[in-house]
Amino acid sequence: MGTNDIDFSKSRRSMGSNISDKEVIENVNQIMKRLPQNVVSTTQSSDELKVENVNISRDIIKCSKCGQSISINENFIKSIKSNISTKFIVALLKLPDFLKKYESNTCRDLVNFLAQSQIETLGFTALTENLNYTMKTFESGNGVYDISPTILNDGFKRKGLGHYTKQQKINYIEKYLMDNDKAYGFHSYGNESYPNNDYRGRGFMHFTHFDAYKDFTENTGINIVKTPTLLESDGEVALETATWFWKNKNSGQILKETAKDTKDFQSDPVTTIVTKLVNGGDMALDRRKAAKRSIGSKFVKQYGVCK
């Protein structure tokens, strides 16, 4: 980030589950004391702190295409999801900064990013993929195997068990992987060089697989190979991995597609292609389309159309 950016080291840890919303807001308020007075306003009651119209960025981030501000505030974020947690608000307020860092600071990219991340994070509630497949839900290992056969088979090969029959694999899943989030995570998304880690989907785009974590680490110097859980505990890392991915996926293909969106962000064909690039398929495509149209309308109402 630029030399004028604010030290976010306190609030950036706020994504961790051991820190309360009140502590998060107290950290934000400390940051805001160092901002110009016309940037933020706060209210405080005896038992609850509330942040209103907060913009963590020191500089106004503008759309590189139309020139209007894309420095979103708390009110806009809450218009997308009224009951969004303070932890997510604090992180998302930095989104324009990271879009600018990765040369994707356009209205179209902001709206499309928010729509995709809303679905990937289950409505801005989860920065990590839940891999706890229970016997109660699936009844047998066969149902779990059918969800991700390729990923599970890669795990068997990595463990030297690639010769197992399908039934042997199902028996193994039932005995060792079901009702065991950690074991399933390492089996499917692990790497033998880091036996205590797994590289499941994390962050705002549910960044997935060892090679992706490795590429990001080598390109940015932020070592998420050693500590992959940074994507779920550190709001800035959760955003940086996502915006780095947004810029670099297939040599900038996402940016090429978002640039084709309409000026009011209502193109379903664009959402379809971006979803395939983000998700690898069309999971929850209808919900992603609806999310983009809804967020696009809210953005136009508050900030206007793009060129």
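Hi everyone, let's start where two helices touch: Ile 151, Leu 152, Gly 155, Phe 156 and Arg 158 in α8 meet Tyr 184, Phe 186, His 187, Ser 188 and Tyr 189 in α10. If you sort the residues of this contact between α8 and α10, you get six nonpolar, three polar and one charged. Before I go on, please keep in mind that this is a predicted model.

How do we describe a pair like this? In general, two packed helices are described by the angle between their axes and the distance between the axes. Here, helix α8 covers residues 149–158 and helix α10 covers residues 181–189, and their axes come within 7 Å and cross at roughly 80°. Angles of 65 to 115 degrees count as roughly perpendicular, so α8 and α10 are roughly perpendicular to each other.

Next, Arg 288. You'll find Arg 288 in helix α16, which spans residues 285–303. Is Arg 288 buried or exposed? Its relative accessibility is 0%, so Arg 288 counts as buried. Which side chain does the side chain of Arg 288 make a polar contact with? That partner is the side chain of Glu 120, at 2.8 Å. Leaving aside neighbours within four places in sequence, Arg 288 is in contact with a list of residues that includes Ala 115, Gln 116, Ile 119 and Glu 120, and also Thr 271, Thr 275 and Met 283.

Now please find Asn 142, in helix α7, residues 141–147. Asn 142 has a relative accessible area of 29%, and we call that partly exposed. Setting aside neighbours within four places in sequence, Asn 142 is in contact with Lys 166 and Ile 170. Asn 171 is 29 residues away from Asn 142 in sequence, and the C-alpha to C-alpha distance between Asn 142 and Asn 171 is 8.7 Å.

Let's finish in the loops, with two phi values. His 206 sits in the loop between α10 and α11. Phi of His 206 is near 45°, a positive value in a residue other than glycine. With a relative accessible area of 13%, His 206 is buried.

Then there is Ser 251, in the loop between α13 (235–248) and α14 (253–258). Phi of Ser 251 is near 55°, again positive in a residue other than glycine. And is Ser 251 buried or exposed? Ser 251 is exposed, with a relative accessible area of 66%.

Conventions
Residues are numbered from 1 along each chain as its sequence is written. This is a predicted model: local features need pLDDT of at least 70, side-chain atom pairs count only at pLDDT 80 or more; totals for chains, interfaces and linings use all residues. Side-chain values use heavy atoms; hydrogens and water are left out. Helices (H or I, at least four residues) and strands (E, at least two) are DSSP runs, numbered from the N terminus. Buried means under 20% relative accessible area, exposed over 50%, partly exposed in between (1.4 Å probe, protein chains only). Contact means heavy atoms within 4.5 Å. A polar contact is a pair of N or O atoms within 3.5 Å; within protein, one must be able to donate a hydrogen and the other to accept it, and residues adjacent in sequence count only if both atoms are side-chain atoms. Axes are lines fitted to C-alpha atoms, for helices over the stretch in contact, and angles run from 0 to 180 degrees between N-to-C directions. Angles under 35 degrees count as roughly parallel, over 145 as roughly antiparallel, 65 to 115 as roughly perpendicular and the rest as oblique. Ala, Val, Leu, Ile, Met, Phe, Trp, Tyr, Cys and Pro count as nonpolar, Asp, Glu, Lys and Arg as charged, and the others, Gly among them, as polar.
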